[in-house]
Amino acid sequence: MAALPKGPVWNVRFREPGAVDNFPQTMFHGRIDLSPDQAVVELGESPLAQLVIVSNRVAIPDKTAKLRAGGLEVAVNAAFKNRSGIWFGWSGKVTTRTKIATREVVHDKVTYITLDLSKEDHQEYYNGFANRVLWPILHYRIDLAEFSRRDLSGYLRVNDHFARELHNVLGPEDIVWVHDYHLMPLAKALRERGHKNRIGFFLHIPCPPPEMLTALPHHERLIPSLCEYDLIGFQTGDDAFNFSRYLTRECGLHSHDFNFMVGERTVRVDVFPVGIETAAFARLAEGSERLPFAQKVLKSLAGRALIIGVDRLDYSKGIAHRLAAFERFLHTHRDWRGKVTYLQIAPESRTEIPEYAEIAQGIGAAAGRINGAYGEADWTPIRYVSHAYSRATLAGLYRGARVGLVTPLRDGMNLVAKEYVAAQNPYDPGVLILSRFAGAANECKEALLVNPYDSDSVAAAIGEALAMPLPERRARHKAMFEVLSRNDIQSWADRFLSVLQREPARSTLLYQI
Ligand code: G6P
């Protein structure tokens, strides 16, 4: 078994769990007030400064880029819109060679630097600690976490390797923005190499309460090391509050106005709900509905209402619960039998991880069983597809769907929910059914918000969505579209960078209580 690196990883004072200090929970609740007079500071970049973005995956532009464009890619491109810099991370390749290659490609103003991972690193860092320990625990699924010291060691080793490579390219003025749970200890590894840059971290996935975070073996080596960042951003107020409570309870740190004093440094915790390219996606959907493939799918429905679900195949997405709710709907809403088709698109992911292989089997079997029980020779209630479609095709399908069914058991944000709203025809929009446990529920308050564990209530929401009168659909859509237009991906990226670049002050976000 590989040994853990020696010595204290973090030297803050640990103490008995105590009360949270004056960090007000209610500050984070409710909808964001993105009023135009909010204090967003302009970027005061030094001519020497560049933006260095670090994430596990890197999307180097190529001919297929427009087709794939996942959430992270859209987000990072927004950050580089008016800036030059480096996007650094894993190449996506696993190598058997002993000498690990680093590649550099330049496109426009951005230099893409990518590293391969050795088989061992990939297994321990990506499949192991990131996706079998951090992913389940941060999604409130302690029961699925499979911890091993070897994987933790591999995770720290890869982060250290990233820091070593970054060390060669990082200038003293550069602004560094690190993304997601794969790279929590990166700032610490950079600080140890003497870097005093402003470094920000954004967690794309949920942050559970300290009662759950402390179930992570060696949490005290990992979670407090996030304080080496200058800014730690979360998707929702609940996530930020949970993290703040951890810092207070486990590390004895106290906050004032969203800022924690850590020795001589100030660490800011703030909320940045990630958005989409709202206007561009709406335009794309308008055109895409007429694409031959989207037309073919819509025509094949033969006038039936379309319910759509699109998710990476992951237990956090609640696809099995959703199928059960749809079955319940068919059972309780006899009139709709034969008149509705539920299309579930769920491309497989992380297939080397046992929990993912298991759910793939379970979901396929459940869809088959429901189709067998309720289908007719001329009607298949569920169409289940396990491969990915292009962005344009999805946009067209969203627009043609009467209901968007987005019911994760836990989700940092869920951009499918936002894209479904953006894609709708404002004069005849479909209805979004959204889990209250998705970060997007904070902004999409006019969706039909449901508890995904309660199949009766999800079934009732499907019935309500299908029967919803046009004026109500329009009013709900309009309210959500406005919010998503104000907090689009560009304003998200600009706001994060502006908060990161300035000296600690007050928050730029105001929350209604
Ligand atoms: C989530 C994470 C991302 C990750 C993506 C796809 O959205 O927040 O960091 O890249 O899932 O997962 P994968 O393991 O394929 O990168």
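Predicted model: local features only at pLDDT ≥ 70, side-chain atom pairs only at ≥ 80, totals over all residues.
Before anything else, contact here means heavy atoms within 4.5 Å. With that in mind, glutamate 327, which is found in helix 11 (residues 319–332), is in contact with Arg369, Ile370 and Tyr374, once its neighbours within four places in sequence are left aside. Helices are DSSP runs of H or I with at least four residues, strands are runs of E with at least two, and both are numbered from the N terminus. Glutamate 327 counts as buried because its relative accessibility is 18%, where buried means under 20% relative accessible area, exposed over 50%, and partly exposed in between, with a 1.4 Å probe and protein chains only.

Residues are numbered from 1 along each chain as its sequence is written, and side-chain values use heavy atoms, with hydrogens and water left out.

On confidence, pLDDT is the predictor's confidence in each residue, from 0 to 100, and its mean over the protein chain is 89, with 88% of the residues reaching 70 or more. Over residues 1–44, however, the pLDDT is below 50, although this stretch has 102 contacts in the model beyond near neighbours in sequence. Confidence is lowest in strand 18 (residues 510–511), at a mean of 36, and highest in strand 16 (residues 431–435), at 99.

Let me turn to helix 16. Helix 16 (residues 470–486) has 17 residues, and from its first C-alpha to its last it reaches 24 Å, close to the 24 Å expected at 1.5 Å a residue, the expected span being 1.5 Å times one less than the number of residues. Its buried residues include Arg473, His477 and Met480, together with Val483 and Leu484. They lie on the same side of helix 16 because they cover an arc of only 130° around the axis, the arc being that of the directions from the helix axis to the C-beta atoms. Helix 9 (278–288), helix 14 (415–423) and strand 16 are among what covers these buried residues, whereas the face turned away from the buried side carries the exposed residues Pro471 and Lys478.

Which residues touch the most other members of the largest nonpolar core? They are Val54, Phe162, Met184 and Leu186, in a core of 97 residues, where a nonpolar core is a set of buried Ala, Val, Leu, Ile, Met, Phe, Trp, Tyr and Cys residues joined through side-chain atoms within 4.5 Å. Helix 3 (residues 119–138) gives this core its largest share, nine residues. Leaving aside neighbours within four places in sequence, phenylalanine 162 has contacts that include Val54, Phe88, Trp90, Tyr125 and Leu186.

Phenylalanine 80, in the loop between helix 2 (71–79) and strand 3 (85–95), is buried, with a relative accessible area of 5%. Not counting residues up to four places away in sequence, phenylalanine 80 touches several residues, including Leu51, Ile53, Trp87 and Val110.

Aspartate 108, between strand 4 (102–107) and strand 5 (110–118), has a phi near 50°, a positive value in a residue other than glycine, and at 79% relative accessibility it counts as exposed. Histidine 218, between helix 6 (210–213) and helix 7 (219–222), has a positive phi near 70°, and at 21% relative accessibility histidine 218 counts as partly exposed.
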